[in-house]
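I wanted to look up how charged side chains pair in this protein, and to keep my notes in the order in which I checked them.

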Amino acid sequence: YLIGFHFDPVVGTRLKINHARKVRFPSIKQLYDIDSGNEDLDAEHTMHYELGLEQALPGKTLFSLTGFINDAKDFIEKDEVTEINKNADEYLFHGFEVALENESIDDLLLRLSYSYLESEDRSSDSEIHQLQNRPRDRVTFETIYSMPWNMKAQASLQYVANQYSYDDDSNQKRTPAYTLVDVRVAQKLLEEAVELYVGVNNLFDEDYEQSYGFPQPGRYVYGGVEYHF
């Protein structure tokens, strides 16, 4: 279920609150994969709480602040040692995101955000407290410019820091911080029925890891065509 409401005490100010109970059933792969499957997996249950504020500012600027708590039972995750999917008794995620959006220039969106995440393993048999591979700090800058001839250009910069992992002896290791830049350009044709696009992920070929000892791909260039009926 999902319950939510918002209240506007004055023009330009909105308070909002949401609560949800979510259920995620294990996938076929998580249950029966030859290397990582576990037929005894239970469904994952999460209680989600969110409280937020949106405030309109001068110059077509929007400020937002959102706090959240996610309490997950039987969280489905692959064991880092055995590589077998398992249920964790209880994980707790809590934090906040603060963001600024500006549209003072026609057809140009600028968005800057910072998110803070604390993740805890509250399972009774856990030897660790802080969950691995969940970055505490994330700063994101995004921009989208829509041109009059149906071309859209977008770019994003993401800085990720304070992420940890554990070795086989449960010793904590800090994963180095990294910065990623992605760009994409798309052109719509034939009354928007056709879209041509090209983009680059990890534009500056950053060497980074999202999990200790597993380097992520470098610069990736892609392109394509989409036809919408």
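**Salt bridges, notebook entries**

I began with Arg-111, which forms a salt bridge with Glu-142, and I noted 3.7 Å between the closest N and O atoms. Since Arg-111 lies in strand β6 and Glu-142 in strand β7, the pair ties together parts that are 31 residues apart in sequence. I keep in mind throughout that this is a predicted model.

I then looked up how accessible the two partners are: Arg-111 counts as buried, because its relative accessibility of 18% falls under the 20% cut-off, whereas Glu-142, at 33%, counts as partly exposed.

Next I turned to Glu-97, whose side chain meets that of Arg-111 in a salt bridge at 3.6 Å, N to O. Glu-97 lies in strand β5 (residues 85–102) and Arg-111 in strand β6, so this pair ties together parts that are 14 residues apart in sequence. I recorded Glu-97 as partly exposed, with a relative accessible area of 30%.

Which residues are linked in a network of salt bridges? I found Glu-97, Glu-101, Arg-111 and Glu-142 joined in this way.

I also looked up Arg-134, which forms a salt bridge with Glu-77, with 2.7 Å between the closest N and O atoms. This pair links distant parts of the chain, 57 residues apart, with Arg-134 in the loop between β6 (108–121) and β7 (137–146) and Glu-77 in strand β4 (residues 61–78). Arg-134 is buried, with a relative accessible area of 15%.

For the overall tally, I noted that the count comes to 9 salt bridges.

Conventions:
Residues numbered from 1 in each chain as written. Predicted model: local features only at pLDDT ≥ 70, side-chain atom pairs only at ≥ 80, totals over all residues. Heavy atoms only, no water. Salt bridge = Lys/Arg side-chain N within 4 Å of Asp/Glu carboxyl O. Helix = DSSP H or I, 4+ residues; strand = E, 2+ residues; numbered from the N terminus. Buried < 20%, exposed > 50% of the residue type's maximum accessible area, 1.4 Å probe, protein only.
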